[in-house]
Amino acid sequence: MPESIYVLIDHNGTNLNSASLETLVFGQELARETGRSLHALLLGCNAQDLAAQLAEYDIDSVIYAENTRLENYTFECQCEAISQILRADNPTLLLMAHTYQNLDMAPRLSARMGKALVSDCVGYKLSDGEILLVRKMFRAKLYADVKVKSEPPWLVTVQAGTRFSDALIRGSAQVINRQVDLGSVRINRVTGETVDFAKDRVDLSQAETIVAVGRGIKKQENMDLVRELADVVSAEIGASRPVVDNDWLGRDRQIGSSGQTVSPKLYFAIGISGAIQHVVGMKSSQCIVAINSDRNAPIFNVATYGILGDLQEVVPALTKKLREVL
């Protein structure tokens, strides 16, 4: 389908991947602005229910390729299935979420098809009818506008948190079943048992509200102030690296370039200076409330609301007021 945009939707067989749904929002915006058609690409086995879920969004179609060899992820079968569909349809773009699985698969797909890959994009621009892809460089200190000169389809991974899945526009789409021939694919790597990184690991990327704390908390005893605020607003607790290095919170609570990337609706930054290593992990939050005693703290540059003051005074007062109104 020339002049079309495809979005690869990841899933675990039961649920659609949230980062893929965010990428679908990216696709809806781009399709609307460029006048291209939009299609979701779903690979799997016995995933008809997931295809039906996708058909409830405002897209032109859900292309569903079912094959027993697609029940579990292998890059060999994934690449072959996608390349067969892309060669037949020749869309302009294939958008994918910037997940570990797609980081494993996308470069191989690019090499197999001889097509350009632009990774970790956060946005796009239109210039004289051409699509420029925006990606961060040097830990988000610079943004690059990337113009792809090779023939389509172009492969693009989209950073999680650049869009919000609840912004997906509802609609109605047809499901198109596609056949892919994977009988001759040789699998050289077999995935064993899939386990969680840690049973109690917190997935902050799914949190709608986060109360994050930094070096300005000064001592571990002040963590109680943070927990009280988090309880009142039903939030998860996050941290910048110094708090984790001091063992005041677990490593799974760290937010930033060496931790998790989050995009909650509400983000409290308490005693966080705003170093770029932390900001790159949370700047996509919808509303950022920064509390800091340093009026020159960089965190105020990205904050929606800034409160200048001692957190030992501000946080209890804020907690008390929120408890009264919530």
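Trainee: Why is asparagine 46 called exposed?
Mentor: Its relative accessibility is 57%. Exposed means over 50%, buried under 20%, and partly exposed in between, with a 1.4 Å probe and protein chains only. So asparagine 46, at 57%, counts as exposed. Two notes on the source: this is a predicted model, where local features need pLDDT of at least 70, side-chain atom pairs need 80 or more, and totals for chains, interfaces and linings use all residues. Numbering starts from 1 along each chain as its sequence is written, and side-chain values use heavy atoms, without hydrogens and water.

Trainee: What makes the backbone of asparagine 46 worth a remark?
Mentor: Its phi is near 60 degrees, a positive value in a residue other than glycine. Most residues other than glycine have a negative phi. Asparagine 46 sits in the loop between strand S2 (37-44) and helix H2 (48-54). Helices (H or I, at least four residues) and strands (E, at least two) are DSSP runs numbered from the N terminus.

Trainee: Where is serine 234, and what is its phi?
Mentor: It lies in the loop between H5 and S11.

Trainee: How do you know that the bond between proline 152 and proline 153 is cis or trans?
Mentor: Omega is about 5 degrees, and the bond is cis. Most peptide bonds are trans. Proline 153 is in the loop between S7 and strand S8 (154-158).

Trainee: What makes Met137, Phe138 and Leu142 a patch?
Mentor: Patch residues have over 30% relative accessible area and no salt bridge; like charges are joined within 9 Å, nonpolar side chains (Val, Leu, Ile, Met, Phe, Trp, Tyr) within 5 Å. A salt bridge is a side-chain nitrogen of Lys or Arg within 4 Å of a carboxyl oxygen of Asp or Glu. Met137, Phe138 and Leu142 form a nonpolar patch of about 300 Å² of accessible area together. Phenylalanine 138 has 59% relative accessible area, hence exposed. Its place is the loop between strand S6 (130-137) and strand S7 (142-147).

Trainee: Why are S7 and strand S9 (174-178) called edges?
Mentor: The nine-strand open sheet runs S7-S6-S5-S8-S4-S1-S2-S3-S9, with mixed pairing. Strands pair if DSSP finds at least two bridges between them. S7 and S9 each have a single partner strand, so one side of each lacks a neighbour in the sheet. The twist averages 35 degrees from one strand to the next.

Trainee: How do you know that strand S5 (117-127) pairs with S6?
Mentor: Six bridges join S5 to S6, and the two run antiparallel. In S6, arginine 135 is the bridge partner of cysteine 121.

Trainee: And what is the other sheet like?
Mentor: Five strands form an open sheet, S11-S10-S12-S13-S14, with parallel pairing. Its edge strands are S11 (236-239) and S14 (305-308), each pairing on one side only. Five bridges join S12 (266-270) to S13 (287-292). Alanine 269 has alanine 290 in S13 as its bridge partner.

Trainee: What makes helix H5 (223-232) a helix packed on that sheet?
Mentor: H5 touches strand S10 (209-213), S11 and S12. Contact means heavy atoms within 4.5 Å.

Notes: Areas by Shrake-Rupley, 256 points an atom, 1.4 Å probe, with all protein chains shown as cover. Axes fitted to C-alpha atoms, helices over the stretch in contact; angles between N-to-C directions.
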